[in-house]
Amino acid sequence: MRALVVYESMYGNTHRVAINIAAGLRATHDVTLVPVTQATQELAAAADLLVAGGPTHTHGMSTAASRRMAAETARMPGSGLTLDPDADGPGVRGWLHGISAGRALAAAFDTRLGGPALTRRASRSIYRLLKHDGFRLLCPPESFHVSRHNTLLDGEAARARDWGAMLGASAVQAASARGVTRPAA
Ligand SMILES: Cc1cc2nc3c(=O)[nH]c(=O)nc-3n(C[C@H](O)[C@H](O)[C@H](O)COP(=O)(O)O)c2cc1C
C-alpha cells in the first residue's frame, strides 16, 4: 500500500515530525514524503493513505499573512530561527481545497506550542478539510509540541514515529476490511 505524507513547515519542526511519521509508516507502506510545494494531485491520487500536517498559526492553519510574519521573524537578527527550504511556498490549506479522495484514507497532524490545549489548532482544520474532500479519517487529529523557542520538545520525534506506525497498521486493517489493497510499487 502507498502512503503520501504532505507537510508545510516554516522553521523545520513540522518537517521533522513528518520525517518521523514517514519512518513509522514504512513498516507497512511504500511512503512518499513531500513538502506541500511538491505535492501534486497525481501523487495524492496514487496514495491509499494521505497524511497531511502543518504548523498551528493563530489557532488554526497558516495563512499567507501568518507565513509572511513567521518568515519576517526568522529573518530578524539574532532570531535563532532557520527557515525550512520550502518555507516560502503555499500552505496546506490551499492544496487541500479540491483534491479528490477516491477511496483513500487520511490523517491530520500539526505542531503547536506545548502545554495544555489553550488554543485551537491546525490539525482540526486539516481534519475537517480532508473529511470535506471525501477522505475517511483513520484517527483524531494529532498535535506534536514545540517549545517557545521553536524547537521540538523531547520525545516528540519518537512519538511521531510511533504515531506513523500506528497509522500504518490501522490503514492496513481498514483497507483489508474493505477489500481495498493496492500492491506497493
Ligand atoms: C504567526 C504565528 C502564529 C502562531 N500561533 C500559534 C497559536 O495560535 N498556537 C500555538 O500553539 N502556536 C502558535 N505558533 C507557534 C507555531 O505553532 C510553531 O512556530 C510551529 O509549530 C513550528 O512549526 P514549524 O517549525 O514547522 O514552522 C505560532 C507561530 C507563528 C509564527
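Predicted model: local features only at pLDDT ≥ 70, side-chain atom pairs only at ≥ 80, totals over all residues.
Colleague: Which residues are closest to the ligand, and how many surround it?

Modeller: A residue is near a molecule if its C-beta atom, placed from the backbone, lies within 6 Å of it. Here 20 residues surround the ligand, and the closest are Tyr11, Asn13, Thr14, Thr111 and Arg112. The elements that give two or more residues to this shell are α1 (13-25), α3 (64-75) and β4 (105-113); such helices (H or I, at least four residues) and strands (E, at least two) are DSSP runs, numbered from the N terminus.

Colleague: How many residues of each class does that shell have?

Modeller: Ala, Val, Leu, Ile, Met, Phe, Trp, Tyr, Cys and Pro count as nonpolar, Asp, Glu, Lys and Arg as charged, and the others, Gly among them, as polar. By that scheme the shell around the ligand has seven nonpolar, twelve polar and one charged residues.

Colleague: Let us turn to α1: how far does this helix reach from its first C-alpha to its last?

Modeller: The expected span of a helix is 1.5 Å times one less than its number of residues. With 13 residues, α1 reaches 18 Å, close to the 18 Å expected.

Colleague: Why can α1 be described as largely enclosed by the rest of the structure?

Modeller: A residue is buried if 20 or more other C-beta atoms lie within 10 Å of its own, exposed if 12 or fewer, and partly exposed in between, with C-beta atoms placed from the backbone. Eleven of the 13 residues of α1 are buried, so this helix is largely enclosed; among them are Asn13, Thr14, Val17 and Ile21. The buried residues of α1 pack against β1 (2-7), β2 (30-35), β3 (49-55), β4, β6 (142-146) and α6 (156-178). Two residues are in contact if their C-beta atoms, placed from the backbone, lie within 7 Å, and Ile21, leaving aside its neighbours within four places in sequence, is in contact with Val5, Val51, Phe109, Ala160, Trp163 and Gly164.

Colleague: How many residues does the largest nonpolar core have?

Modeller: A nonpolar core is a set of buried Ala, Val, Leu, Ile, Met, Phe, Trp, Tyr and Cys residues joined through C-beta atoms within 7 Å. The largest one has 42 residues, and those with the most contacts inside it are Val5, Ile21, Leu49, Leu50, Val51 and Ile126. At least two residues of this core come from each of β1, α1, β3, α4 (92-96), β4, α5 and α6.

Colleague: How many bridges join β3 to β1 and to β4?

Modeller: Two strands pair if DSSP finds at least two bridges between them. Five bridges join β1 to β3, which run parallel, and Val6 has Ala52 as its bridge partner in β3. Seven bridges join β3 to β4, which also run parallel, and Val51 has Ala107 as its partner in β4. As for burial, β3 is mostly covered, with seven of its seven residues buried.

Colleague: Is Leu130 buried or exposed?

Modeller: Leu130, which lies in helix α5 (residues 122-132), is buried, with 24 other C-beta atoms within 10 Å. Leaving aside its neighbours within four places in sequence, Leu130 is in contact with Ala52, Leu96, Ala106, Ala108, Phe135 and Leu137. The C-alpha atoms of Leu130 and Ala107, 23 residues apart along the chain, are separated by 8.1 Å.

Colleague: Finally, which value of phi does Thr58 have?

Modeller: Most residues other than glycine have a negative phi. Thr58, however, has a positive phi of about 50° although it is not a glycine, and the phi of His59 is near 70°, again positive in a residue other than glycine. Thr58 counts as partly exposed, with 13 C-beta neighbours inside 10 Å, and His59 is partly exposed, with 13 other C-beta atoms within 10 Å.

Conventions. Residues numbered from 1 in each chain as written.
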